[in-house]
Amino acid sequence: MKNTPPPSTTTADRERGGTPAGTEVSGRSLRRGLVSMAFTELWERYSFYGLQGILSFYLLYAVHDGGLALAPAVATGVVGAYGGAVYLSQILGAWLGDRLISPQNMVLYGAVVITIGHVVLAFAPGLAGLGAGLVCIVLGTGALKTNITSIVGFVLDQNRDERYRDAGFSYFYMAINIGAVVGPLTTGLAQNELGFHYGFGLAAAGMAAALVQYVVSMGKLPERARTVNNPLPAGRRPLVALAALACLAAVGAAVATGLLRAENLSTVVTIAALVAAATYFLTMTTSSAVSRDERRRILGYLPLFLASGVYFGFLFQKFTAISVLITERIDLHIGGWSFPVAWVTTVSPLAAVLITPLIARMWKSMGDRQPGPVTKIALGLTQIGCAYLFLLIISEATGDADIPLLLILLFMMAAGSSEVFVGPIGLSLATRIGPGTFRSQMVGLNFLTLALGSSLAGLLGQLFTAIDNASYFTVTAVCGIGIGLTLLATRKPVGRLLGAGLEG
């Protein structure tokens, strides 16, 4: 499918604050806006992945090593649920950015709350500090993530030439992955040499940098970033407030009665992600404000949504099942020095960073001859399935002995580099095919693939602790390769649905 203009570049959408028809900003202004958002996202991802890189080990390590000594099944469930909740909350953030608060202010408020959460983690010890800090990060990230992605779409919409949209989002995604690399490298070293809370402190400093970067660049954002796209009628706001209070009370009651526990958090978040996705798909496909072609595009996105959710479930196992594998079977000692444990998982985003410019250049040079989004996502799934096949082989070849560090690093490279075929393509696709009335919420739906993937990774981590390694890696390898090949076989009909009503 060609990179054609999304519904948001129509005259009606431009009248809500976009660029008037026939008007384009200079390439320099567009690049400046994109770079500002990319650096904000880089520092936010630095803090997020700086924490994520050491969080699993904080839960798994013994108390005398600075950890909380949780059982592996509990630790993987908590990490998976936290990751899922971070992305699940972005549905709420997308809705608020569409109906109540401008995307520009949503990003600002979210950055402040995330910063508070990281500071709490840095200075408050034990489970109480962990819980309070993670809740703040979940809420703040929900406000920030989808809205900053929508703002990037607004920046790119200022130029009517859509040929390089995937390439533009690939560079934005590269900024995400740079933060995902540098964050764990620094926090992992701090944890290795000084302790976990020093690593959490560096994550807090990174988020403070993101906040400063964003405040400096706010005045240069497009007018659409300061506009509430679909304002909620004033008469309905008390009902929304009442519903929010009821949800908080229900969560509090579930925790107090023991219905919501660390052991079942991933299950609860997975179900919530699926229910939220089903609700959004149903809402958008049945809305009278959605045209027939827009409805067909949403239906075409459904198989990609499910496939991407499974893909991220496999990728995010680096924070659950693979983290357990690292603590149990990887020899991290190099002479008299211990290789920082967080650095192992950092190889995954590093591989994505290194390969992104090459892939983005390839898409750009191929132009209209490049494969469509269905084929790209199919390639990503097939590749990560092959990575798990490699892990199965080396796990069986080593028997009960430790797995050499170099081999697990090669696995991380193979798995991580596959992300360039899925992550940026999903972002670009969501901003291009979404109905005009549900633009921000379509981006939120795309981020639900990460919520589903994160919570699924938690469930898979719990499964990993219950069965043998050979069976586990066989299942993941077969599923990854099988789903990838199925997508590849159905790329033409799915691609036609995704391109319905778009020019070219």
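How do the axes of helix H9 and helix H10 cross, and within what distance do they come? Select H9 (residues 265-286) and H10 (residues 292-315) to see. Their axes come within 9 Å and cross at roughly 160°. Axes here are lines fitted to C-alpha atoms, for helices over the stretch in contact, and angles run from 0 to 180 degrees between N-to-C directions. H9 is therefore roughly antiparallel to H10 (angles over 145 degrees count as roughly antiparallel, under 35 as roughly parallel, 65 to 115 as roughly perpendicular and the rest as oblique).

Before moving on, note that this is a predicted model: local features need pLDDT of at least 70, side-chain atom pairs count only at pLDDT 80 or more, and totals for chains, interfaces and linings use all residues. Residues are numbered from 1 along each chain as its sequence is written, and side-chain values use heavy atoms, leaving out hydrogens and water.

**Stop 1: the H9 and H10 contact.** Contact means heavy atoms within 4.5 Å. On H9, pick Ala277, Phe281, Met284, Thr285 and Thr286. On H10, pick Arg295, Ile298, Leu299, Tyr301, Leu302 and Phe305. These divide into 8 nonpolar, 2 polar and 1 charged.

**Stop 2: the core.** Now select Tyr301 and Leu445. They have the most contacts inside the largest nonpolar core, which has 127 residues. A nonpolar core is a set of buried Ala, Val, Leu, Ile, Met, Phe, Trp, Tyr and Cys residues joined through side-chain atoms within 4.5 Å. Buried means under 20% relative accessible area, exposed over 50%, partly exposed in between (1.4 Å probe, protein chains only). Show what surrounds Leu445. Leaving aside neighbours within four places in sequence, Leu445 is in contact with Ile91, Ala277, Tyr280, Phe281, Met284, Tyr301 and Phe305. Apart from this core lies another, of 5 residues, among them Ile359, Trp363, Phe421 and Ile425.

**Stop 3: helix H15.** Ile425 leads you here. Select residues 423-433. Are the residues of H15 buried or exposed? Of its 11 residues, 11 are buried. Ile425, Leu427 and Arg432 are among them.

**Stop 4: H11 and H13.** Select H11 (residues 321-329) and H13 (residues 373-398). They pack at an angle of about 20°, with their axes 14 Å apart. That makes H11 roughly parallel to H13. Ile322, Leu325 and Arg329 in H11 meet Tyr388, Leu391, Ser395 and Thr398 in H13.

**Last stop: Leu211.** Find Leu211 in helix H7 (residues 196-217).

Methods:
Helix = DSSP H or I, 4+ residues; strand = E, 2+ residues; numbered from the N terminus. Nonpolar A, V, L, I, M, F, W, Y, C, P; charged D, E, K, R; others polar.
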